[in-house]
Amino acid sequence: MFGSAHAIFHSTWFVVARDVLVAALVVVWLGLAYRTYRDARRRIDDGWLVGTSTLLGLVPVVGPLVYLLFRPPETLEEAHARRVEVRALEARLTERRPHCPVCRSPVEAAYVVCPVCTTQLKHPCVACKAPLEPLWQACPYCATPVGAAVADLEAALTAEATALTAARKPRKRAAGRANAG
Ligand SMILES: [Zn+2]
Ligand SMILES: [Zn+2]
């Protein structure tokens with residue numbers, strides 16, 4: 001009697017243990033597949049690829065491991081944040097460094113001509129040769145009125161127009177020297 005009771009208990013224990021183990025394995029299997037799906041949603045912007053990743057995640061043990069090897073390194077959120085950061089950085093850099101309007105090479109605020117393509121960027125003051133902004137009516141460094149050189153300016157504009165229509169650099173450079181002097 002004791003022996004048969006022991007046998008029943010033993011077999012029940014065995015069945016329960018087996019069922020619990022199978023249930024745990026199923027939970028782990030579905031959990032991993034679900035985690036793969038969630039992770040793919042966070043990292044992949046393509047519905048078909050997310051579906052494929054989820055199917056791969058349903059392959060027991062090997063599927064999620066293979067997914068881990070090939071998943072995109074950053075989440076969509078991280079990628080977006082990085083893009084925004086890079087764009088902001090670029091905007092700040094271009095804001096701080098003025099460019100030549102013709103050849104786009106970086107120039108300094110004090111440049112009168114672009115050193116690369118010799119485009120006239122600013123007109124120098126007739127008295128002290130300081131670079132003047134187009135809207136300024138007087139030189140802020142030596143107080144010489146810009147209007148004092150109107151005749152000169154007209155000559156400079158004609159010279160620049162000829163230089164722009166002219167073929168290449170040598171004549172342009174000559175025009176620039178004429179403007180400065
Ligand atoms: Zn230039
Ligand atoms: Zn001046």
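The side chains of Arg 71 and Asp 39 meet in a salt bridge, with N and O 3.2 Å apart. Here a salt bridge is a side-chain nitrogen of Lys or Arg within 4 Å of a carboxyl oxygen of Asp or Glu. Because Arg 71 lies in the loop between helix H3 (62–70) and helix H4 (76–96) while Asp 39 belongs to helix H1, the pair ties together parts that are 32 residues apart in sequence. Helices are DSSP runs of H or I with at least four residues, strands are runs of E with at least two, and both are numbered from the N terminus.

This is a predicted model, in which local features need pLDDT of at least 70 and side-chain atom pairs count only at pLDDT 80 or more, whereas totals for chains, interfaces and linings use all residues. Residues are numbered from 1 along each chain as its sequence is written, chains are lettered from A and ligands numbered from 1 in the order in which they are written, and side-chain values use heavy atoms, with hydrogens and water left out.

**Salt bridges**

By the rule given above, the count comes to five salt bridges. Asp 39 and Arg 71 are also part of a network of salt bridges that links them with Arg 43. Asp 39 is buried, with a relative accessible area of 14%, whereas Arg 71 is partly exposed at 28%; buried means under 20% relative accessible area, exposed over 50%, and partly exposed in between, with a 1.4 Å probe and protein chains only.

| Salt bridge | N to O distance | Relative accessible area |
|---|---|---|
| Arg 71 and Asp 39 | 3.2 Å | Arg 71 28%, Asp 39 14% |
| Arg 18 and Asp 19 | 3.6 Å | Arg 18 45%, Asp 19 42% |
| Glu 74 and Arg 82 | 2.7 Å | Glu 74 25%, Arg 82 43% |

**The aromatic pair**

The structure holds one aromatic pair. Tyr 34 and Tyr 37 form this pair, which is tilted, with 6.3 Å from centre to centre and 35° between the planes. Rings of Phe, Tyr and Trp (its six-membered ring) pair if their centres lie within 6.5 Å, and planes under 30 degrees apart count as stacked, over 60 as edge-to-face and the rest as tilted. Because they are three residues apart in helix H1, Tyr 34 and Tyr 37 are separated by about one helical turn.

**The zinc site**

The zinc ion (ligand 2) is coordinated by the SG atoms of Cys 125, Cys 128, Cys 139 and Cys 142, at 2.2 to 2.3 Å. Donors are N, O and S atoms within 2.8 Å of the metal (3.2 Å for Na, K and Ca), and water is not among the atoms, so sites may look incomplete. Along the chain, the donors of this zinc ion follow the spacing C-x2-C-x10-C-x2-C.

**The nonpolar patch**

Val 22, Val 26, Trp 29, Leu 30, Leu 55 and Leu 58 make a nonpolar surface patch of about 510 Å². Helix H1 (2–43) and helix H2 (47–58) are the elements that give two or more residues to this patch, and the largest share, four residues, comes from H1. Patches are made of residues with over 30% relative accessible area and no salt bridge, with like charges joined within 9 Å and nonpolar side chains (Val, Leu, Ile, Met, Phe, Trp, Tyr) within 5 Å. Accessible areas come from the Shrake-Rupley method with a 1.4 Å probe, and for residues only the protein chains shown count as cover. Leu 55, which has its place in helix H2, counts as exposed at 58% relative accessibility.
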